[in-house]
Number of protein chains: 2
Amino acid sequence: MTDLYPENKRIQNYLFNIFRSISEKYGYEEIEPPILESAEIYKKSGQEIPEQMYSFKDKSSRLLALRPETTPSIARMINNKSLSLPIKWFSISRCFRYEREQAGRAREFDQFNLDMIGSTSMQSDAEVIKTLVEILKSLKLTKKDFFIRISNRKLIDDLLKSINITNIKQVSQLIDKKDKLSEKDFILSLKDLDLNNKQIKDLQKIINISSLDKIKIESKGLTELKELFSYLKLYNILDYCKLDLSIMRGFDYYTSTVFEAFDTKKQFRAIAGGGRYDNLASFPGVGYGFGDRVILLLLKIPELEKQVDYYIAPVNKKIIPKAIQIAEKLRKNSTVELDLLNRNLSKQIKYASLITNNLIIVGEKDLKDKKITLRDLKTGKEKKILISKL
Amino acid sequence: MTDLYPENKRIQNYLFNIFRSISEKYGYEEIEPPILESAEIYKKSGQEIPEQMYSFKDKSSRLLALRPETTPSIARMINNKSLSLPIKWFSISRCFRYEREQAGRAREFDQFNLDMIGSTSMQSDAEVIKTLVEILKSLKLTKKDFFIRISNRKLIDDLLKSINITNIKQVSQLIDKKDKLSEKDFILSLKDLDLNNKQIKDLQKIINISSLDKIKIESKGLTELKELFSYLKLYNILDYCKLDLSIMRGFDYYTSTVFEAFDTKKQFRAIAGGGRYDNLASFPGVGYGFGDRVILLLLKIPELEKQVDYYIAPVNKKIIPKAIQIAEKLRKNSTVELDLLNRNLSKQIKYASLITNNLIIVGEKDLKDKKITLRDLKTGKEKKILISKL
C-alpha cells in the first residue's frame with residue numbers, strides 16, 4: 001500500500017462509512033479476523049492466490065501467511081465457536097497479494113466482506129447482492145456506471161456435461177480467463193483441452209446465453225438461478241443484474257451462485273465478487289469481497305480538505321493561557337485548532353483560511369472586556385462575543 | 001490477534017470512535033502508513049523491538065518487516081512529501097510483535113498514534129498529553145484509575161552526568177527496567193555497570209525526585225520540563241500528571257519530553273507512552289502510541305449486544321415478497337433484519353427479542369387491510385399500522 005496522507009485517508013473513510021452503514025441497515029455486524037493466518041487455510045482459494053501469498057515461517061517454524069483474502073478466516077471463525085443462526089457478518093480487512101502493482105492493484109489493500117451464513121435460500125443470495133448494489137448506489141454510481149454479472153456453478157457444470165465435456169475444471173478455468181484472451185487464442189486453448197469443433201461452437205453458444213428461458217436442460221443450478229432472479233426482482237435491482245454464464249470466480253470453494261460487479265465500460269477489473277460456498281464452513285454461506293482499489297479509481301472523488309469548526313489565533317505569546325482556556329471550552333462541542341507554532345497574526349489568518357470559516361482572534365484589548373473577535377473568513381465580517389457566551 | 005467476534009469488535013469500535021473524536025476535537029487528521037515496511041527503518045526503535053519484529057525477505061530479496069510500531073513510518077511520511085506546518089496527525093494501525101502472549105500483550109494488536117510535528121514549544125507536548133488524558137476520561141476513567149508519569153531525557157542525562165556517570169546509555173536502559181527488578185538486583189546491576197556506592201545512592205535520590213524545585217543543576221531539560229508543567233496546568237490536567245525521572249521509554253529516538261500513562265494500581269504495563277523526537281524526521285515532533293490491549297483489560301466493558309431498529313417476521317413463505325417490500329421501505333432510515341431462514345413465527349419472535357424491541361409481523365389478514373402489526377417486545381403491546389404510514 002502506498003502511504004495514505006490525510007487527503008486520501010478521508011476518501012477511504014468516506015468509503016468505509018458507506019460499507020458500514022449499508023451493512024448495518026441490513027442487520028450485519030462487524031467482525032475482524034487476524035492478518036497473520038496459518039498458510040494452509042488458503043488451499044481452496046484457487047490457483048492464483050496461493051502463488052501470490054506472502055508466506056514465511058515464524059520462530060517456531062509454523063508456515064504463516066499474510067491474509068490474501070478473508071473468506072477462509074470467516075469460515076474458520078464460524079467453525080471455532082458455537083454460534084446461533086443466522087450469522088450476518090461484515091468486515092473491513094487489510095489483505096496482501098504479491099503481484100505486479102498497477103492501476104487498481106496494490107500489494108497491500110483493504111477489502112470489505114459481507115457474508116450471510118446459515119441458509120440455502122436464494123433469498124439470502126439476493127439480499128447479499130442487494131447490499132452490494134446499495135453500496136454502489138450510495139457511492140453515487142448509477143446503472144450507467146456498473147452492473148452485476150451473475151451465474152451458477154452447478155448450472156455451468158451441467159451445461160458443460162451436456163455437451164460431453166469431461167475436463168470441466170480445466171475448461172472452467174479457461175472460461176474464467178476468456179476476457180484476457182483474444183477470440184483466436186481462446187479457441188486454440190479450447191482445442192488444447194481436447195474440445196472438438198462442435199463442442200467449441202456449443203460452448204460459445206452456452207457462454208453467450210442471455211436468458212434463462214433458453215436453457216432446456218434439467219439442472220438444480222437452473223432452478224436456483226431462476227429463484228435468485230425472482231428475488232432480485234422483489235429487491236428491485238433487476239436493472240443492475242445480468243445473466244452471464246462466463247463468470248466463474250477463481251475460488252474453488254464456490255458451489256452455486258457466483259457474481260461479479262463490473263464498471264460498464266469494462267475499463268477495470270471486477271469491483272467486487274462473490275458467491276455461495278456451501279461446503280467451506282460448517283454451515284452454508286453466501287458473501288462477497290469488495291477491494292478498495294478499483295472502486296477508488298472509478299469514483300474519482302475530489303480531494304476533501306481538512307476542516308475544523310474554529311481556529312483560535314492568540315495575537316501574542318502572552319495571550320496563550322487565555323487562548324488555551326477558550327479552546328478547551330469550545331472543544332466540549334466543536335473541533336478547534338489553536339496555534340502551536342507561535343506564528344504572527346497574519347500567518348495564522350492565512351493558515352486558518354485553509355481549514356475553517358470561523359476565526360477567533362484573542363487580543364489584549366478585547367480580553368479586558370471579556371470578549372473575543374469572531375471573524376467569518378468567507379465574508380470578512382467580524383463580531384465581538386462575550387467569552388462566557390461561547 | 002485473536003479473532004474479533006461481533007461482541008468484541010463492538011467494544012473495539014467504541015474505543016476507536018473515542019480515539020477519532022478526541023483527535024478531531026484538537027484538529028488532528030487521520031493518516032495510515034502501510035503494514036509492510038522496509039525493516040531498516042526500525043534501527044532507532046531501541047533494543048526490544050528489532051528482536052520482536054516479524055521480518056522476512058520478499059521474492060525480490062528485500063528485507064521487509066511487519067510494522068512493530070508506527071512512529072518510524074510517520075517520520076518517513078513526513079520526509080517523503082513537502083508538507084506545510086503544523087502537521088497534526090493521528091492513526092489507528094495494526095502492529096505486530098513476536099513476544100510471549102499474555103494478558104495485555106498480543107502478537108497482533110492495534111495502536112493509536114497521535115503526533116504534532118513542526119514545533120519545539122512545550123505547548124505542543126502539553127496539548128498532546130492533554131489529548132491522552134481526554135481519551136482516558138472519555139473512557140470513563142478518573143484520576144483514581146490512571147496517571148501520567150513524565151520526564152525529560154535531557155534532564156536525566158544531565159543529572160547522571162552531574163554524578164559523574166559516563167556510561168549513560170547503559171545506566172538509562174537499566175533504569176528503564178527497574179520496575180521489573182528487585183531493589184537488590186537493581187543495585188547489583190548498577191555495580192556491574194561500575195557505579196560506586198556513592199553514585200548508586202545519588203542515583204536513587206535522583207530517580208525519586210518528586211518536585212522540579214529540588215533540582216539545582218543547570219539543564220535545558222529542566223527548563224523544558226518546568227515550561228511543560230506550566231502548560232499542563234493551563235490545560236487543567238496537573239492532577240493527572242506526575243514527575244517521574246525513572247521513566248525512560250525504550251526508544252532511542254526520544255530527545256526531550258517522555259511520558260507514560262499507567263493504571264494507578266500498576267497492575268498492567270503502560271497504557272500508552274510517547275515523547276518528543278526532534279531528530280527522527282525533518283521537523284521536530286512529539287507524539288505517543290496507545291495500544292488497544294492494556295486499555296481493554298482495564299475497561300472491562302460489559303458486552304454490547306447486537307441491536308437493530310426493526311425485525312420483520314413474515315408469517316409464511318407466501319408473504320415474503322411483501323415483507324421484502326416493507327423491509328426495503330424501512331431501510332431508508334432504519335436498520336432492519338428480515339428472516340432469511342424461513343423460520344416459523346414463534347422461532348422468529350424468540351430470535352427477534354434478542355436483537356430489537358420492535359417486531360413487525362406481516363400476516364395475510366393484516367395485508368388485506370394494507371396493514372402490519374407492530375409489537376413492542378418489552379411491553380408486549382401491539383398496534384396495527386398502515387404500510388403507507390411506515
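Guide: Two strands are said to pair if DSSP finds at least two bridges between them, and the strands (E, at least two residues) and helices (H or I, at least four) are themselves DSSP runs, numbered from the N terminus. The model is a predicted one, in which local features need pLDDT of at least 70 and side-chain atom pairs count only at pLDDT 80 or more, while totals for chains, interfaces and linings use all residues. Residues are numbered from 1 along each chain as its sequence is written, with chains lettered from A and ligands numbered from 1 in the order in which they are written.

Visitor: In what order do the five strands of the open sheet in chain B stand?
Guide: The edges of this sheet are S13(B) and strand S16 (382-386) of chain B, each of which pairs on one side only. The pairing within the sheet is mixed, and the order of its five strands is S13-S12-S14-S15-S16.

Visitor: Which residue in S15(B) is the bridge partner of Ile361(B)?
Guide: Strand S12 (residues 310-314) of chain B runs parallel to strand S14 (residues 358-362) of chain B, joined by four bridges, and Ile361(B) in S14(B) has Ala313(B) opposite. Within S15(B), the bridge partner of Ile361(B) is Thr373(B).

Visitor: At about what angle to S12(B) does helix H12 of chain B run?
Guide: Helix H12 (residues 345-355) of chain B lies across S12, S13 and S14 of chain B. Its direction relative to S12(B) is about 175°.

Visitor: Which strands stand at the edges of the eight-stranded open sheet of chain B?
Guide: This sheet, also of mixed pairing, has the order S1-S5-S6-S11-S10-S9-S7-S8. Its edge strands each have a single partner strand, so one side of each is left without a neighbour in the sheet; they are S1(B) and S8(B).

Visitor: Which residue of S5(B) is the bridge partner of Glu29(B)?
Guide: S1(B) and strand S5 (residues 87-96) of chain B pair in the parallel sense over two bridges. In S5(B), the partner of Glu29(B) is Trp89(B).

Visitor: Are H1(B) and H4(B) parallel, perpendicular or oblique to each other?
Guide: Helix H1 (residues 6-25) and helix H4 (residues 122-138) of chain B pack at an angle of about 135°, with their axes 10 Å apart. Angles under 35 degrees count as roughly parallel, over 145 as roughly antiparallel, 65 to 115 as roughly perpendicular and the rest as oblique. The two helices are therefore oblique.

Visitor: Which residues of H4(B) does H1(B) meet?
Guide: Contact requires that the C-beta atoms of two residues, placed from the backbone, lie within 7 Å. Ile18(B), Phe19(B), Ile22(B) and Ser23(B) are the H1(B) side of the contact, and on the H4(B) side they meet Thr131(B), Glu134(B), Ile135(B) and Ser138(B).

Visitor: Which C-alpha of chain B is nearest the axis?
Guide: Copies are superposed by least squares on the C-alpha atoms of residues with pLDDT of at least 70 in both, and a rotation of 180° with 0.0 Å of shift along its axis brings chain B onto chain A with an RMSD of 0.0 Å. The two copies are thus related as by a two-fold rotation axis. At 3.4 Å from the axis, the nearest C-alpha in chain B is that of Phe56(B).

Visitor: Which element gives the largest share of the side of chain B that touches chain A?
Guide: In the interface, 52 residues of chain B are in contact with 52 residues of chain A. Since 100% of the interface residues of chain B are also interface residues in chain A, the copies meet through the same surface. The largest share of the chain B side, five residues, comes from H1(B).

Visitor: How many residues lie between S15(A) and S16(A) in their hairpin?
Guide: In chain A, S15(A) and strand S16 (residues 382-386) run antiparallel, joined by five bridges. Gly380(A), in the turn of the hairpin, has a positive phi of about 80°, and the number of residues between the two strands is five.

Technical notes. Axes are lines fitted to C-alpha atoms, for helices over the stretch in contact, and angles run from 0 to 180 degrees between N-to-C directions.
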